Amino acid sequence: MLYRIFIPLMLRLFAGPALAVEDPADSTIALSGRVPSTITRSFAMRNYERIWKAVAPEAALDRRAITVVYYSRLDQRKQSVRLPEWGGGGAVGRDLIVIPIDRSPLPDVTLPQVTVHELTHIALERAYGRLHVPRWFHEGLAMTLSGQLSFDEQLSLSRAVFTRKLLPLDSIEMVNRFDVHEAELAYSESHLAVAWMIDRYGLDGIPELLRALRSCGSFDAALKQEYGLTDAELDRLVRNYIVERYRGVFFFSDAYLFWFLGALLAILAFIAVKIRNDKRKRLMEEQECAEDETADGKGTA
Ligand SMILES: [Zn+2]
């Protein structure tokens, strides 16, 4: 009986991923350059549709062409866009995405996730045009919808909580000028800020806020209208949310701390062994003295 389960299971395991069925009639997304084997046009399209429903559920899907170019460091000069050294990809305007395939993206994410991340930027631009959406909101939403979460993110947040170095959300506007560590923290905080919004107001709260932004013209006014918050209150609530979640994590996740605890244990073990050896030596010396006294006693008898 077992073979009925076992053989199909083995076939599935060794057959690799099911071949995606591309729809030749749909030309919304074109993949070009050194396209990774993990990414297909139908994967990108499926995610673009999912993102669109999340950010602009009431609007018809914008089917104008989007080109995704995957390139290697070797052909970087051919790209018209310059990404920060830590950049995993870039969305250019509303129609073009460029993704280097041989850089380690920030934070530690896969190329399919980078693709979905950049598609989120494109969808937001297309659905809401030239609205002033803060950078932290753009990045946080792109990270949330692409499912990016890494050990590095937890580490950089817990370190920032421990050292009281969390960034104000509006400072993230300049993220392209940050070094790799600051950028890592900026992206992680942006992610958590949007996660907090979704926790509190649901996923529907996102398009509601964006629609309010379209009618008010400013993010601060939209925030007040939809969530009843000023940007300072939002900053404080997000900060508390991050501190609550990551306060204790530092002690369990930081490699340096493990080294420190390891070294401390080694020193304590060394002291314990030394005390034991000294005690043993003293006992032996006392024993030897006692034996000598007995021997001397015999000699005088
Ligand atoms: Zn981004």
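# Exposed loop arginines and helix packing in a predicted model

With 7 C-beta neighbours inside 10 Å, Arg 164 is classed as exposed, since a residue counts as exposed at 12 or fewer. The model described here is predicted. Arg 164 belongs to the loop between helix H5 (151-162) and H6. Its phi is positive, at about 55°, although Arg 164 is not a glycine.

Arg 73 is exposed, having 10 other C-beta atoms within 10 Å. Once neighbours within four places in sequence are set aside, Arg 73 is in contact with Pro 100, Asp 102 and Arg 103. The C-alpha atoms of Arg 73 and Ile 101 lie 7.8 Å apart, although 28 residues separate the two in sequence.

**The chain as a whole**

The chain contains 11 helices and four strands. Of its 301 residues, 28% are buried. Among contacts between residues at least 6 apart in sequence, 71% join residues that are at least 24 apart.

**Helix H2 and its surroundings**

Helix H2 spans residues 41-55. Its buried residues are Ala 44, Met 45, Asn 47, Tyr 48, Ile 51, Trp 52 and Val 55. Viewed down the axis of H2, these buried residues fall within an arc of 165°, so they line one face of the helix. Their packing partners are strand S1 (29-33), strand S2 (66-71), H3, helix H4 (135-145) and helix H7 (205-216).

The crossing of H2 past H3 is right-handed. On the H2 side, the contact involves Phe 43, Ala 44, Asn 47, Tyr 48, Ile 51, Trp 52 and Val 55. The H3 side contributes Pro 112, Thr 115, Val 116, Leu 119, Thr 120, Ala 123, Leu 124 and Ala 127.

In H9 (residues 231-246), Val 238, Ile 242 and Tyr 246 are buried. Seen along the axis of H9, the buried residues lie within an arc of 50°, so they line one face of the helix. The face turned away from this buried side carries the exposed residues Ala 232, Arg 236, Asn 240 and Glu 244.

Helix H6 (residues 180-201) packs against H9 at an angle of about 105°, with the axes 10 Å apart. This makes H6 roughly perpendicular to H9. Glu 189, Leu 192, Ala 193 and Trp 196 of H6 form the contact with Leu 237, Val 238, Tyr 241 and Ile 242 of H9. Two of these H9 contact residues, Val 238 and Ile 242, are also buried.

**Helix dimensions**

| Helix | Residues in helix | First to last C-alpha | Expected at 1.5 Å a residue |
|---|---|---|---|
| H2 | 15 residues | 21 Å | 21 Å |
| H9 | 16 residues | 22 Å | 22 Å |

The reach of H2 is close to the expected span, and the reach of H9 is likewise close to its expected span.

Definitions and conventions. Residues numbered from 1 in each chain as written. Predicted model: local features only at pLDDT ≥ 70, side-chain atom pairs only at ≥ 80, totals over all residues. Helix = DSSP H or I, 4+ residues; strand = E, 2+ residues; numbered from the N terminus. Expected span 1.5 Å × (residues − 1). Buried ≥ 20, exposed ≤ 12 C-beta atoms within 10 Å, placed from the backbone. Arc of directions from axis to C-beta. Axes fitted to C-alpha atoms, helices over the stretch in contact; angles between N-to-C directions. Left-handed = near helix turned anticlockwise from the far one by under 90°. Contact = placed C-beta atoms within 7 Å. Parallel < 35°, antiparallel > 145°, perpendicular 65-115°, else oblique.
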